[in-house]
Amino acid sequence: MSRPPLPPFTRETAAQKARMAEDAWNSRDPVKVSLAYTEDSRWRNRSEVFQGREAIVAFLTRKWEKEHDYRLIKDLWAFDGNHIAVRFQYEWHDASGQWYRSYGNEQWEFDEHGLMRRREASINDIAIAEKDRRFHWPAPGPRPADVPGLGTDPF
């Protein structure tokens, strides 16, 4: 299976890859998201380390059972050959209604078919008041074209 754009990445194709990942994650469909990764993809997400599509689906299922009304923005940070780095923010609330903004960065490595074979994510959560939310588009679903990325303000 091939998942264009393929490495080596240009600025344009790396940004396209990041937006495709953002759109997939905003679908909150663990199976759909898992198809962007190799069968044996290796992940580090916060303190969890695991491998394979089945583990990815299980992880994302648990994640979105906890993180309600999840909305994500990913922005390209850097790229080289078959590697991409992104920074991201997402907002969600827990079962009690407490809202959070999660800040992080990811490093990605792709195979020759454009599938991600390695993902390393570092993430921090900050409790926010509902009035301080910034991501308001209908969820699940992609970020609308008129909603800007993270821009130059990381916070």
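Leu60 sits in helix H3, which spans residues 53–66; helices here are DSSP runs of H or I with at least four residues, strands are runs of E with at least two, and both are numbered from the N terminus. At 0% relative accessibility, Leu60 counts as buried, a label for residues under 20% relative accessible area, with exposed meaning over 50% and partly exposed the range in between (1.4 Å probe, protein chains only). Leaving aside neighbours within four places in sequence, Leu60 is in contact with Trp25, Pro30, Val33 and Trp43, where contact means heavy atoms within 4.5 Å. Val33 is 27 residues from Leu60 along the chain, and their C-alpha atoms are separated by 8.6 Å.

A word on what you are looking at: this is a predicted model, in which local features need pLDDT of at least 70 and side-chain atom pairs count only at pLDDT 80 or more, while totals for chains, interfaces and linings use all residues. Residues are numbered from 1 along each chain as its sequence is written, and side-chain values use heavy atoms, with hydrogens and water left out.

Let us step back to the whole protein. It has three helices and six strands, and from the N terminus on the elements run α-α-β-β-α-β-β-β-β. A compact globule of 155 residues would have a radius of gyration near 15 Å, so the protein's 15 Å agrees with that; the radius is taken over C-alpha atoms, and the globule rule is 2.2 Å times the number of residues to the power 0.38. Along the principal axes, the C-alpha atoms fill a box of roughly 45 × 35 × 25 Å. Of the 155 residues, 46% count as buried. Among contacts with a separation of 6 or more, 59% come from residues 24 or more positions apart.

Asn45 stands opposite Glu48 in S2. The hairpin has two residues between the strands, and there Arg46 takes a positive phi near 60°.

Two other residues have a positive phi without being glycine. Arg28, with phi of about 55°, lies in the loop between H1 and helix H2 (30–34). Asp69, with phi near 55°, is found in strand S3 (residues 68–80) and is partly exposed, with a relative accessible area of 32%.

Next, visit the segment before helix H1 (11–27), where Arg3 has its place. Arg3 is partly exposed at a relative accessible area of 24%. Not counting residues up to four places away in sequence, Arg3 touches Lys17, Lys32, Leu35, Ala36, His113, Gly114 and Leu115. Arg3 and Met116 are 113 residues apart in sequence, yet 9.3 Å apart in space, C-alpha to C-alpha. Pro5 also lies in the segment before H1, and the peptide bond from Pro4 to Pro5 is cis, with omega near 0°.

Our last stop is strand S6 (residues 116–128), the place of Arg117. This arginine, Arg117, is partly exposed, with a relative accessible area of 31%. Beyond neighbours within four places in sequence, the contacts of Arg117 include Thr38, Ser41, Arg42 and Asn82. In the segment after S6 you will find Pro140, and a cis peptide bond joins Ala139 to Pro140, with omega about -5°.

Note on methods: Pairing = 2+ DSSP bridges.
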